[in-house]
Amino acid sequence: MESDAFLACLFPLAILLLGFKFFPKITRSEICDLLSPRRHNPSRNSYFSLERAYQSYSQYARLSADELSLMQASYRTLDRSDKRLGNNIGYQKKLDQLRHVTSLNETITDGIAQLAREKSPSLAYESNDNMMSSDLVRVRESLKHFIRDWSEEGAGERMRTFSPILDVLKNVDPSQRGEMKILVPGCGLGRLAWEIAQLGNTLILFQASVGLMEYFCSGFDTTANELSFFMTLAMHFLFSPKTTHSVNEHWLRPYAHWFSHQKSNESLFRRLSFPDVIPRFIPNFHLVEQDFLTLPIPSTECSGNPKLRWSADQPAAPSSSEGYDFIVTLFFIDTSLDVFATMKHIHRLLRPGGSWINLGPLLWTGGAQAKVELSLDEVLHAAEKIGFVLQNGVGGDTARRTVECEYTSDPSAMMRWIYKAEFWVARKPANDSVMNGSQSSNLSHRFCASPTLPSL
């Protein structure tokens, strides 16, 4: 019996020795993947999982130091005269400064990781031996979103992409916004969804027979949805009263790692502050952290105001009171590996008469990962086949148009990446499901030039 146990222990070691012989470049993390059944949990191993995001933020300094070591090693391969030239123009000092600003950024990444650990104490026991350079890239992209979404520096970029969407929603009668549900999938750090939730959260003064009166209009019931915990952990750091207390209290050097297209080291290492406002989770603003394709149809409770009722059991055909009034996709649909499934799910989640507002490019995931990579004409044709009616009128807030814009750009850099993003509004017909004519939820009656106030 003991000999059998001994042989059972030797067998995996023999497999490893053969692996090293025939595959000498196998890594330690790949060995751990083979030996640890826990690592084969797909949700835990997902590129965007909570565990991976937490470890990436907590290991930001180490991953950055590893990358800097490679840069220094490359610099040392210069011959003596070229290295002297590099030192004369201050390149070694530049590498030293990169190490310094990385430690300053670490203040933010450590804060994100600490808050995540407080919410989920089990994260402290997660293994961190399978981190990759791609994880560092995802952390840096999330840090850049602090600047894009929540800083004064990003205001111009936001205005170009947010305005067409917000202009459509501003046409909705303020007195009816509180009864309407909006979904923003792929919300990133949540600024657009937060702005939508703020629309209508205002106090209106109006003249009545009894004198000047006040009427509070509540904003849209807005759900922000995000798959990546790289984004949502950063979002919680921003929205939490524990970690964010005042305007512009946090500082980042968001472009320090990108040496290309820089005019000067001062521009490269400049620090930027955020947030430009203090965001908080409020009753009409929710965050759902899961895959968009798994979201169920929200329902309206029979008594009083609408509420989200997340249930695994959904009716085959939603009634007029079920579904979102608007689904807003900003730089989202091309992130899908199956855009047909994404568009069909948008259609399913909308209530009859609801509208899909889209703005974004078609930068499909390469390497044959996306099931289809469509042209704009093909996307619009597919949308019509799925059942959408595109608003193709000339002029007006809902007219189809091209919007030139940037995304997480560095305005001080020598290079600009301009997207010619496409904006459209598509409606799910009011008669899309079986319903009485009196129950039709066609949104056209919800748009008005001025608010309809309650009678007194």
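Contact here means heavy atoms within 4.5 Å. Helices (H or I, at least four residues) and strands (E, at least two) are DSSP runs, numbered from the N terminus. The model is a predicted one, in which local features need pLDDT of at least 70 and side-chain atom pairs count only at pLDDT 80 or more, while totals for chains, interfaces and linings use all residues. Residues are numbered from 1 along each chain as its sequence is written, and side-chain values use heavy atoms, with hydrogens and water left out.

To start with the overall picture, the protein holds 14 helices and twelve strands. Of its 456 residues, 47% are buried, that is, under 20% relative accessible area, with exposed meaning over 50% and partly exposed in between (1.4 Å probe, protein chains only). The accessible surface is about 23300 Å², and carbon and sulfur atoms take 55% of that; the areas come from the Shrake-Rupley method with a 1.4 Å probe, and for residues only the protein chains shown count as cover. Among contacts with a separation of 6 or more, 75% link residues 24 or more positions apart.

Next comes the inside. A nonpolar core is a set of buried Ala, Val, Leu, Ile, Met, Phe, Trp, Tyr and Cys residues joined through side-chain atoms within 4.5 Å. The largest one has 65 residues, and those with the most contacts inside it include Phe 146, Leu 169 and Leu 233. Helix α11 supplies the largest share of this core, nine residues. A second, separate core has 25 residues, Trp 356 and Val 379 among them. Back at Leu 169, its partners beyond four places in sequence include Arg 177, Ile 196, Phe 220 and Ile 357.

Helix α11 (residues 229-239) also packs with helix α4 (residues 50-58): their axes come within 8 Å and cross at roughly 65°. Axes are lines fitted to C-alpha atoms, for helices over the stretch in contact, and angles run from 0 to 180 degrees between N-to-C directions. From α4, Leu 50, Arg 52, Ala 53, Tyr 54, Ser 56 and Tyr 57 meet Phe 229, Phe 230, Leu 233 and Ala 234 of α11.

Last, there is Leu 293, which sits in the loop between β7 (285-288) and β8 (324-330). Leu 293 counts as partly exposed because its relative accessibility is 37%. Leaving aside neighbours within four places in sequence, Leu 293 touches Ala 341, Thr 342 and His 345.
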